[in-house]
Amino acid sequence: MLHFSKTEVFETGTPISILKSVKTAEVDTHTHDFIELVYIKSGSGYHKIDDMEFEVKKGDLLFINYGKTHSFRGEDGFTFYNILLTPWFISDELINSE
């Protein structure tokens with residue numbers, strides 16, 4: 001199983017990263033040490049988190065906590081945004097904000 005580290009994804013000192021992806025193939029099961037929000041912009045597909053598979057479509061928003069295993073497969077035109085957050089961004093920046 002693949003494991004992605006925040007040191008591979010985030011620029012030094014940056015707590016958030018946003019990526020746009022177009023996928024028509026499967027993405028292997030993987031895990032990471034950061035939080036992932038997935039917004040489905042268009043198309044449909046399937047996202048598996050741990051042992052539960054969900055059908056996803058345009059407008060859906062998924063929350064994937066760090067340490068969770070997940071994979072997905074999309075059909076033609078499956079476009080999504082990954083909003084990646086370091087865990088300390090949530091606890092330090094958002095929880096204590098007014």
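What percentage of the 98 residues in the chain is buried? The answer is 33%, and the legends below walk through this predicted model view by view.

View 1. Welcome to the overview: the chain holds two helices and nine strands.

**View 2. Surface and contacts of the chain.** The accessible surface comes to about 6,200 Å². Carbon and sulfur atoms account for 52% of that surface.

**View 3. Strand β8, residues 70-74.** Now let us zoom in on one strand. Of the five residues in β8, four are buried. Since buried means under 20% relative accessible area, the strand is largely enclosed by the rest of the structure.

**View 4. Strands β3 and β8 side by side.** Here β3, which covers residues 26-32, runs antiparallel to β8. Three bridges join the two strands. To find your way in this view, look for V27, which stands opposite F72 in β8.

**View 5. Strands β5 and β8 side by side.** Strand β8 also pairs with β5, residues 44-49. This pairing is antiparallel and extends over five bridges. A handy landmark is I49 of the chain, whose bridge partner in β8 is H70. Taken with the previous view, this shows β8 joined to β3 by three bridges and to β5 by five.

Terms used: Residues are numbered from 1 along each chain as its sequence is written. This is a predicted model: local features need pLDDT of at least 70, side-chain atom pairs count only at pLDDT 80 or more; totals for chains, interfaces and linings use all residues. Side-chain values use heavy atoms; hydrogens and water are left out. Buried means under 20% relative accessible area, exposed over 50%, partly exposed in between (1.4 Å probe, protein chains only). Contact means heavy atoms within 4.5 Å. Accessible areas come from the Shrake-Rupley method with a 1.4 Å probe; for residues, only the protein chains shown count as cover. Two strands pair if DSSP finds at least two bridges between them.
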